[in-house]
Amino acid sequence: MNNSFVVDRRRISAITERGYESINDELVCKEDASCIVYWMSRDQRITDNWALIACMEQSQKRQLPIRILFTLVPEFLDATIRQYDFMIKGLEEVQQQSLKLGIPFHLILDSDPAATVTAFADTYNAGMIITDFDPLKIKLEWKRKAGISLQCPLYEVDAHNVIPARFISQKTEFAAYTLRPKVHKVLHEFLIPYPEVQSFTQDLSQDSSFSAQEVLQKVRVRKDIQPVRTFTPGPHAAMIALESFIGYKLHDYGEKRNDPNMGNVSDMSPWLHFGSISSQTIALKIKGSNSNKESIDSYLEELIVRKELADNYCLYTKEYDNFNGFHNWAQTSLNAHRSDTREYIYSQEQFEQAITHDALWNAAQLEMMHTGKMHGYMRMYWAKKILEWTQTPEEAQSIAIYLNDTYELDGRDANGYTGIAWSIGGVHDRAWFERPVYGKIRYMNANGCKSKFDVKKYINSHMSDRKGDTLF
Ligand SMILES: Cc1cc2nc3c(=O)[nH]c(=O)nc-3n(C[C@H](O)[C@H](O)[C@H](O)COP(=O)(O)OP(=O)(O)OC[C@H]3O[C@@H](n4cnc5c(N)ncnc54)[C@H](O)[C@@H]3O)c2cc1C
């Protein structure tokens, strides 16, 4: 038997009525089953996907074909047609790749994913369901319900993190410095090449297919936030973007990544968010490049330590999207400054329309609205100013999440909830000097930005269609 499809058991958990249980050895399959089902969700790709590889392993072992199911909900958090368009078009490409291997790809639109996967498992007599990992509450709830209603075993495979989130830590990590040593200790065990999935074939693909255009007409999301042309959906475009970054920009990443005018970042986050490409694939390519050590190391720090810290935060902090998720010191400090006078107060609508007094903030908001992605350095400034210019930290966090999830292609992501909690609530940060409104939360101002990059150039490049905005 070809046993090239073997998945490290530390990536896999069984989801039962009792919760998540680690796996030491074999997965259990229902007797007389007709197929193995991959319930695809966060990791929307065929190549380099440990959840699909786990299905391939089981398929070969048990001589059962694989079916892929994607349960599409007609509305999701604050996603609009912009994100649905990107996702469904990407999934159309994934479907084509799946059919090439002879694996049927079923996309079912329904508001109850647990009921959908249960009915699907019954219809096709599934021996087991394998799904991918996601720390967001909504996804955990879908899986909890499916774990109860399914008549066959349900497994989760962490296909998103280089080091599986449930394995690397069983608690909320305090900061990057507590996670980093754990990551570096085992990284060599997990940062390994993937098996070649193209060598897997079966002959079942005739009975499924969907068209992106038809599906997009059926979703019930906001249509006024239009798709953007800045990013092309799907795994193929993700790989082209990665190769271009490595070829032309990586060498300056260490030095210039915080300059929003330079464009020396990878722009991988929209594809990473939708799982069009895996962090592990990116990390292997970055590590294997002939770029300088400083840039490679700082890129891997962001991609692995910072990104996987965000998954850790959301996995173990149920209140990752509200004030109660902040450290005690931050809550105490923000509470002590609730009655401080705010120099400016804006409503959600004013923020959304980018009509604050601050041209730099407005430019960042417009960058996000027009391109679907704000530069990472500006995201910190953007969120901190929302804290400064609203009545309460709760309101600031809620507005930041709403705008982030509505306009960013990479929104509704563990990175987003954590980045906002870092900016507004000091999560993963330390206490700084006390000042009005912020308390001990780290402060940022436009002068700090001026010392790092050409602020005027950034404003001009995102406000060219707006008259009357002055520099500070
Ligand atoms: C207020 C705020 C909101 C944010 N919202 C999101 C969001 O909705 N979705 C999202 O993916 N990221 C978010 N981030 C994190 C970070 O800003 C983006 O991941 C990054 O800007 C994406 O651009 P890039 O791919 O060009 O990054 P690069 O600099 O090229 O980095 C490569 C990858 O490393 C990871 N990474 C980089 N910086 C961080 C970071 N600070 N924390 C965690 N991972 C990081 C990302 O996966 C990124 O794609 C947010 C940060 C803040 C402060």
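Q: What makes a stretch a helix or a strand here?
A: Helices (H or I, at least four residues) and strands (E, at least two) are DSSP runs, numbered from the N terminus. D43 sits in the loop between strand 3 (35-40) and helix 1 (50-62). This is a predicted model, where local features need pLDDT of at least 70, side-chain atom pairs count only at pLDDT 80 or more, and totals for chains, interfaces and linings use all residues. Residues are numbered from 1 along each chain as its sequence is written, and side-chain values use heavy atoms, leaving out hydrogens and water.

Q: Why is D43 called buried?
A: Buried means under 20% relative accessible area, exposed over 50%, partly exposed in between (1.4 Å probe, protein chains only). D43 has a relative accessible area of 0%, so D43 is buried.

Q: What does D43 touch, not counting residues up to four places away in sequence?
A: Contact means heavy atoms within 4.5 Å. On that basis D43 touches Y38, N49, D132, F133, A159, H160, F274 and G275.

Q: Which residues touch the most other members of the largest nonpolar core?
A: A nonpolar core is a set of buried Ala, Val, Leu, Ile, Met, Phe, Trp, Tyr and Cys residues joined through side-chain atoms within 4.5 Å. The largest has 105 residues, and I129, M268 and I286 touch the most other members. Apart from this core lies another, of 54 residues, including Y313 and F351.

Q: What does M268 touch, not counting residues up to four places away in sequence?
A: M268 touches A238, A241, L242, I277, I282 and Y299.
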